[in-house]
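Open the model in your viewer and get ready to select a few pieces one after another.

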Amino acid sequence: MLPTTSVNSRSQGNGVLSPRDAARHTAGAKRYKYLRRLFHFRQMDFEFALWQMLYLFTSPQRVYRNFHYRKQTKDQWARDDPAFLVLLSIWLCVSTVGFGFVLDMGFFETIKLLLWVVFIDCVGVGLLIATLMWFISNKYLVKQQNRDYDVEWGYAFDVHLNAFYPLLVILHFIQLFFINYVIISDSVIGYFVGNTLWLIAIGYYIYVTFLGYSALPFLKNTAILLYPFALLIMLYLISLACGWNFTKMLCSFYKYRVK
């Protein structure tokens, strides 16, 4: 299912392209091509995007192996097919509507919640995290400080989307079945189940993010991206000791935002 085309000599690693090829590989040209394909659904490979979503749960390493093949065949790390983004957007809309239903929100409140989740939780936070990781990786993690070796911003955003998808499924889908009857109850089992789902979801995000940057052969010391696990586990244990219910806090926050 993964391409195995041999590496072209001019696209190995981050080699310098000829002026004509370089014009076609600028960030602006890639962005224009990507956005243009958003309006051509027949050109999108939804089957492969679904394959990626499945393996982000079962074997995320295989997903990033495909990013490596894309670099070999198309000389770019970032996705050139928006199918994954389209499917993620659909999943985001459906899960948010389900979230609004579980929280007993009205139609307009659910629409407000959907706009908040899409433009703030996913896109806004994603742009911030992708830009921060793009800066940190290029500034401190590149093995050789050379303009021919750099992390594409589009790839950094793709890594965020890859890591966000499992988090979305866990917190906006799986968690829905436990919110009203288990999680938001004033019991130990309630905040234990809710906070454990948060631990798994954020842990997935950190791990998939780490895999994304460790897949780049020109980066070093990517293991430091796993350090937030220590803080995450510490917060988890403190929350259980203090009885903090993260899901209950999130539901209260969402209800406040849509008023």
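Helices here are DSSP runs (H or I) of at least four residues, numbered from the N terminus. Keep in mind as you look around that this is a predicted model.

**First stop: the annotated spans.** Select residues 114-136: this span is 100% helix and 0% strand, and its end C-alpha atoms lie 31 Å apart. Now try residues 83-102, where the end C-alpha atoms are 29 Å apart and the span is again 100% helix. An unreviewed UniProt entry annotates both as "transmembrane region", along with 163-184, 196-219 and 225-247.

**Second stop: a surface patch.** Select Phe 107, Phe 108, Ile 111, Leu 115, Phe 119, Ile 120 and Val 125, and show the surface. Together they form a nonpolar patch with about 710 Å² of accessible area. Pick out Ile 111, which sits in helix α6 (residues 107-141).

Hide the surface and look for the largest nonpolar core, which has 65 residues. Among those with the most contacts inside it are Phe 84, Leu 88, Tyr 155 and Phe 164. Elements giving two or more residues to this core include α3 (46-58), α5 (83-102), α6 and α9 (188-214). Which element gives the largest share? That is α7, with 13 residues.

**Last stop: Leu 88.** Center on Leu 88 and show what surrounds it. Beyond its neighbours within four places in sequence, Leu 88 is in contact with Met 53, Leu 161, Phe 164, Tyr 165 and Leu 168.

Conventions. Residues are numbered from 1 along each chain as its sequence is written. This is a predicted model: local features need pLDDT of at least 70, side-chain atom pairs count only at pLDDT 80 or more; totals for chains, interfaces and linings use all residues. Side-chain values use heavy atoms; hydrogens and water are left out. UniProt positions are given in the numbering used here, feature names are shortened, and annotations may be inferred rather than shown by experiment. Patches are made of residues with over 30% relative accessible area and no salt bridge: like charges are joined within 9 Å, nonpolar side chains (Val, Leu, Ile, Met, Phe, Trp, Tyr) within 5 Å. Accessible areas come from the Shrake-Rupley method with a 1.4 Å probe; for residues, only the protein chains shown count as cover. A salt bridge is a side-chain nitrogen of Lys or Arg within 4 Å of a carboxyl oxygen of Asp or Glu. A nonpolar core is a set of buried Ala, Val, Leu, Ile, Met, Phe, Trp, Tyr and Cys residues joined through side-chain atoms within 4.5 Å. Buried means under 20% relative accessible area, exposed over 50%, partly exposed in between (1.4 Å probe, protein chains only). Contact means heavy atoms within 4.5 Å.
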